[in-house]
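Subject: Structure for you to look at

Hello,

Please find the structure below. My notes on it follow.

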Amino acid sequence: VSTQSTGTVLLFFGASAVLIVIMWWFSVSGQLYRDKTIPVPSDISFIFGHMYSPGNKMYSHEGAEWLHKWATVYPKLFRIRFGPMNFVVSSHAKYIRALFKDKPEKNFYYSFAIDWLGDGLLFSKGQKWYKRRKMLTPSFHFDLLKRYVDIFNETTNLMISQLKDTHEEPVEIFPKALALTLDTILRCLVHYESNCQTQYDEYANIMYRLSTVIVERAYDPMKFSNVVFFKTAEGAEYLRLKEKFREISKKIVNDRKEVLSENPDILKDTKNLSFLDVLLTVNYEDGSPLSMQDILEEANV
């Protein structure tokens, strides 16, 4: 009986492995693997691909140099592989236009971000996506987006002034560009002035760290499974930061809701409205307002 049970288990896992390989073979990643017309950087392992090459360190100087090197060798596009997953890299406008011509189906990589940011307009599908899009599309009208230009200018000028202070010495631009992006997004989305370009801010720092953990996880197939990932040091850190992030996000929403309740005339000054202000005032077709979870999903805060 024991031998039969063992044989059954082995058969089950064997059949599952075959099924996974077949599904991968016909997936987009499998099709890219079979496409021999797309060049591949030569420092590749048969099993792990480029997982242990500098290409797996995108946020490092070494990783940037590796990408620049192969983008010079293959100026149109090339393919990199991390384990079974294949990706196309291109810096050529013609090829990028072709790649983004059709809206691609969201793959499982998005699930890493959904767990943190929620299933909002960016990630949702079907009826939920349709209802949210119908309700929020007017908020993205070009004329309405113009109100954010002053914020763009202010945050950008701040970064420029910091660069001038370097007195033409070489400077690592990535951290400054990242701080600029976080500063701008937080002010436009949720009326939160982090001042993260000039000082430490817990909220902005958590956003950066969570983003980094998710990107690094996407390059490590061994951490694709939640069961495995959440038992790692990075997984434990991710869960702790996600909970803290959600706690601060709720406070930002509740604080803004209180401000609008005490000073409703603020909403008349449409030039200074944030996206959060819009979310706090719009309603579904049945007249019901967005819940706290709905707001967190759409503002990605």
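Which residues form one aromatic cluster? They are W116, Y192, Y203 and F245.

Some ground rules come next. This is a predicted model, where local features need pLDDT of at least 70 and side-chain atom pairs count only at pLDDT 80 or more, while totals for chains, interfaces and linings use all residues. Residues are numbered from 1 along each chain as its sequence is written, and side-chain values use heavy atoms, with hydrogens and water left out.

Aromatic rings: the whole structure holds 9 aromatic pairs (rings of Phe, Tyr and Trp, the last by its six-membered ring, with centres within 6.5 Å; stacked if the planes are under 30 degrees apart, edge-to-face if over 60, tilted for the rest). F230 and Y238 make a stacked pair, with 6.3 Å centre to centre and 10 degrees between the planes. Y238 counts as buried because its relative accessibility is 2%, and F230 counts as partly exposed at 28% (buried is under 20% relative accessible area, exposed over 50%, partly exposed in between, with a 1.4 Å probe and protein chains only).

Core: the largest nonpolar core has 41 residues, of which W116, L210, Y238, F245 and L279 touch the most other members (a core is a set of buried Ala, Val, Leu, Ile, Met, Phe, Trp, Tyr and Cys residues joined through side-chain atoms within 4.5 Å). Its largest share, 8 residues, comes from α10 (helices, H or I, of at least four residues, and strands, E, of at least two, are DSSP runs numbered from the N terminus).

Regards
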